Amino acid sequence: MFKYKTSYRTDGGIGLNDFKWTWRGLSLVSIAATLLLVIGFIYAARDIMSPRGTSYSVEAPQNTAAPAEESGILKVAAVGDSLAKGTGDNTGEGFVRRAVAGLSADGTKTELIGNLGINGLTTAGLRDKLKEEGVQYVLRQANIILVSIGGNDLFQGAQRMLNETEGGTDASRKAASGSAEVQAGSGGSEGAAVGRAAVPGGGSSENAGLKDLNPEQLLTSLPSASKRLEEILSSISDINPQARIYYIGLYNPFGDLREMLIPGNQAVTSWNNAAMDIINRNTGMTLVPTLDLFNGHLGKYLSSDHFHPNGDGYQRMADRIVQAIR
Amino acid sequence: MNSLLPLIRNECMKIIKKKRFYVILLILVVLVPMFTYAQMRSAERNRAKFSSDWRLELQQQITDNENSLSSSRIPEEWKTYRRVFIQQMQYYLDHDVNPNEPSGVTFTREFLDNSISLFIPLMIMAVASDIVSGERTTGTIKMLLTRPVKRWKVLMSKMIALLMFVSLIIVSAFLVSYLISGLAFGYSGFNAPVFTGFQLSGDSVDMSAVHSVPQWEYMLMQTGLIWFVSVVVALLAFMVSVLFRSTAASIVVMMAALIAGTILTNMASAWTSAKYLFMVNLGLTNYLSGSPAPIEGMSLPFSIAVLSIWGIVSVIISFAVFTKRDILN
């Protein structure tokens with residue numbers, strides 16, 4: 001250190017000759033770098049403050065080509081609501097991953113292309129999602145498409161009418177904000193999913209909410225929702241005509257409440273019938289029934305939110321799906 | 001002016017002699033491979049999961065973010081961030097452009113983006129913090145001031161030398177990151193398109209001004225913004241170095257300010273007047289990539305203005321103090 005100190009004191013003295021070239025290089029490089037950086041800064045400031053606004057001219061290439069080549073590999077994609085996502089399953093697998101595991105159990109090569117399940121999605125929401133390029137891309141890569149949708153339409157009943165203008169996400173956000181009434185009344189999977197921690201104490205308010213949920217109300221949304229379901233299924237098969245579509249039927253999550261058992265079963269059955277009707281009119285689609293899997297065993301197969309299946313429930317659904325695919 | 005040039009040269013030589021710049025290079029050479037390796041591992045894992053198709057991966061990312069939006073446990077400003085992210089990624093998907101095309105250039109872009117508010121300022125402090133206080137600690141300041149040179153010239157030469165090294169530090173951060181990550185990800189990718197011009201208004205993103213630029217152009221703008229931030233940080237550290245007698249104290253003061261900045265940007269959205277603090281405004285590249293600013297009401301002109309004022313004031317204070325103060329110690 002001491003040696004260095006002596007050399008700082010004088011600017012023309014010892015040591016500096018050695019640095020002549022270092023200094024030249026250093027100053028030139030740093031001046032050039034500074035100039036470049038200043039140009040970059042000015043350029044950036046101009047670009048951000050007054051963007052040129054020339055939109056990306058290259059048209060979105062439609063990668064319709066390359067639907068999964070038939071090589072014996074099962075490529076599974078899932079779209080839909082919280083059931084597709086696997087809400088309520090402590091392992092987070094849901095029926096999608098469990099079905100994939102079931103399919104590959106005997107050595108069939110099975111890939112999960114993507115699980116696009118979104119909590120609280122309704123038929124209207126899914127219909128809009130299917131217009132997205134990314135979603136279509138995922139569906140095009142698959143040869144087995146699992147669809148789970150409708151539960152939120154059916155069980156939101158009257159609540160959904162109120163929130164019609166606000167749209168699905170608002171409704172679910174409302175439910176998520178912690179109002180037990182909305183959660184129970186709408187039966188929205190969203191509210192149920194988020195409120196899992198909060199809900200167990202709220203059994204009485206759940207009953208109160210459910211009293212308003214009479215079968216007529218459950219069914220008011222059926223005609224329009226089943227029409228949307230038809231649009232969804234046919235647009236999926238337009239997106240990927242080669243894939244087989246498996247629609248997961250609804251079950252009645254409120255069967256353990258005496259006043260909801262019969263009306264709930266009726267509503268779910270008419271929904272499933274409407275879905276069956278659509279599916280029968282199209283080739284390449286299959287309905288996987290689940291009503292019988294849960295009826296009478298709700299305590300065993302539903303998670304603590306009283307709406308979504310638990311791990312065992314999802315396993316039963318997955319077994320069904322595997323049977324349908326094979 | 002004639003007498004200023006040798007002084008600047010003298011100061012540059014001191015910085016080199018003290019090996020500060022080598023320490024910075026060494027830090028880069030040690031850390032960048034670590035980041036590269038981490039990035040490589042996560043890329044490998046995603047490739048296994050998504051059969052090397054970035055579109056599937058991106059769509060899954062979008063879906064996951066959409067799902068997290070409905071959770072009530074997530075603070076509102078994170079949701080805003082995610083909504084913006086979803087819309088931008090959607091835009092990339094719609095235009096069939098991979099936002100994370102794996103290459104050394106993309107890695108460097110991300111690395112610089114993440115280092116603008118803490119890592120690069122820290123490296124600049126390594127040079128700036130002892131540039132004046134170091135002379136006082138060792139006592140060499142007396143030698144410097146007994147020569148027939150005006151005090152402001154001495155200080156000016158130190159400042160210019162510092163600014164020269166600021167540019168060198170940014171360029172070497174870029175070069176080291178590019179050269180090392182290129183070993184793992186390849187050296188191409190300068191022409192890959194990047195979208196910029198996302199204009200945010202609350203939750204929604206205005207796509208009307210979005211345009212694509214080649215990645216090299218994006219990085220030119222990015223490093224330009226980093227340069228501006230670095231100059232301001234350098235000037236502030238310079239002032240602190242003038243004000244404090246010991247190098248350690250001046251490093252601690254600047255470090256505290258910078259770290260406070262990163263903490264504040266994560267939680268200060270409720271305290272809106274924090275936006276006048278310099279350390280909250282360091283993330284200028286966010287305006288380029290279209291990430292939401294930490295506090296509402298911040299924009300690029302605003303941040304540039306705030307940073308400029310802080311920078312100018314610190315220069316004024318530095319010169320006022322340095323030319324007036326008795327150097328006795």
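In helix 6 of chain B, the buried residues are Phe119(B), Ile120(B), Pro121(B), Met123(B), Ile124(B), Met125(B), Val127(B) and Ala128(B); buried here means under 20% relative accessible area, exposed over 50% and partly exposed in between, with a 1.4 Å probe and protein chains only. The model is predicted, so local features need pLDDT of at least 70 and side-chain atom pairs count only at pLDDT 80 or more, while totals for chains, interfaces and linings use all residues. Residues are numbered from 1 along each chain as its sequence is written, chains are lettered from A and ligands numbered from 1 in the order in which they are written, and side-chain values use heavy atoms, with hydrogens and water left out.

Helix 6 spans residues 119–128 of chain B and is mostly covered, with eight of its 10 residues buried. Helices (H or I, at least four residues) and strands (E, at least two) are DSSP runs, numbered from the N terminus. The partners of the buried residues of helix 6 in chain B are helix 1 (4–17), helix 2 (20–49), helix 5 (104–115), helix 9 (151–185), helix 10 and helix 11.

Val166(B) is buried, and its relative accessible area is 1%. Once neighbours within four places in sequence are set aside, Val166(B) is in contact (heavy atoms within 4.5 Å) with Ile124(B), Trp227(B), Ser230(B), Val231(B) and Ala234(B). Of these, Ile124(B) is also one of the buried residues of helix 6 of chain B. Val240(B) lies 74 residues from Val166(B) along the chain, and the C-alpha atoms of the two are separated by 17 Å.

Helix 10 (residues 215–243) and helix 11 (residues 247–267) of chain B have axes that come within 9 Å and cross at roughly 140 degrees. Such axes are lines fitted to C-alpha atoms, for helices over the stretch in contact, and angles run from 0 to 180 degrees between N-to-C directions. Helix 10 and helix 11 of chain B are therefore oblique to each other, given that angles under 35 degrees count as roughly parallel, over 145 as roughly antiparallel, 65 to 115 as roughly perpendicular and the rest as oblique. The crossing of helix 10 past helix 11 of chain B is right-handed; a crossing has this hand if the near helix is turned clockwise from the far one by less than a right angle, and is left-handed if anticlockwise. On the helix 10 side, Val233(B), Leu236(B), Ala237(B), Val240(B) and Ser241(B) meet Ser250(B), Val253(B) and Met254(B) of helix 11.

Helix 9 of chain B has a partner in helix 13 (residues 300–324) of chain B, with the axes 9 Å apart and an angle of about 140 degrees. That angle makes helix 9 oblique to helix 13 of chain B, and helix 9 passes helix 13 in a right-handed crossing. Residues of helix 9 in this contact include Arg151(B), Trp152(B) and Met159(B), and those of helix 13 include Val315(B), Phe319(B) and Lys324(B). By class, the contact of helix 9 with helix 13 of chain B has eight nonpolar, two polar and two charged residues.

Two loops of chain B deserve a look for their backbone angles. Most residues other than glycine have a negative phi. Lys19(B), which is not a glycine, has a positive phi of about 65 degrees. Lys19(B) sits in the loop between helix 1 and helix 2 of chain B and is partly exposed, with a relative accessible area of 40%. Asp96(B) likewise has a positive phi, near 55 degrees, and is placed in the loop between helix 4 (76–94) and helix 5 of chain B.

Turning to chain A, there are 17 helices and five strands. Buried residues make up 53% of its 326 residues. The five strands form an open sheet of chain A in the order 2-1-3-4-5, with parallel pairing; two strands pair if DSSP finds at least two bridges between them. Strand 2 (110–117) and strand 5 (285–288) of chain A are the edge strands, each pairing on one side only. Strand 4 (residues 244–248) and strand 5 of chain A pair in the parallel sense over four bridges, and Tyr246(A) stands opposite Thr286(A) in strand 5. Strand 5 of chain A is covered on both faces, with Met285(A) and Leu287(A) buried on one side and Thr286(A) and Val288(A) buried on the other.

Technical notes: Nonpolar A, V, L, I, M, F, W, Y, C, P; charged D, E, K, R; others polar.
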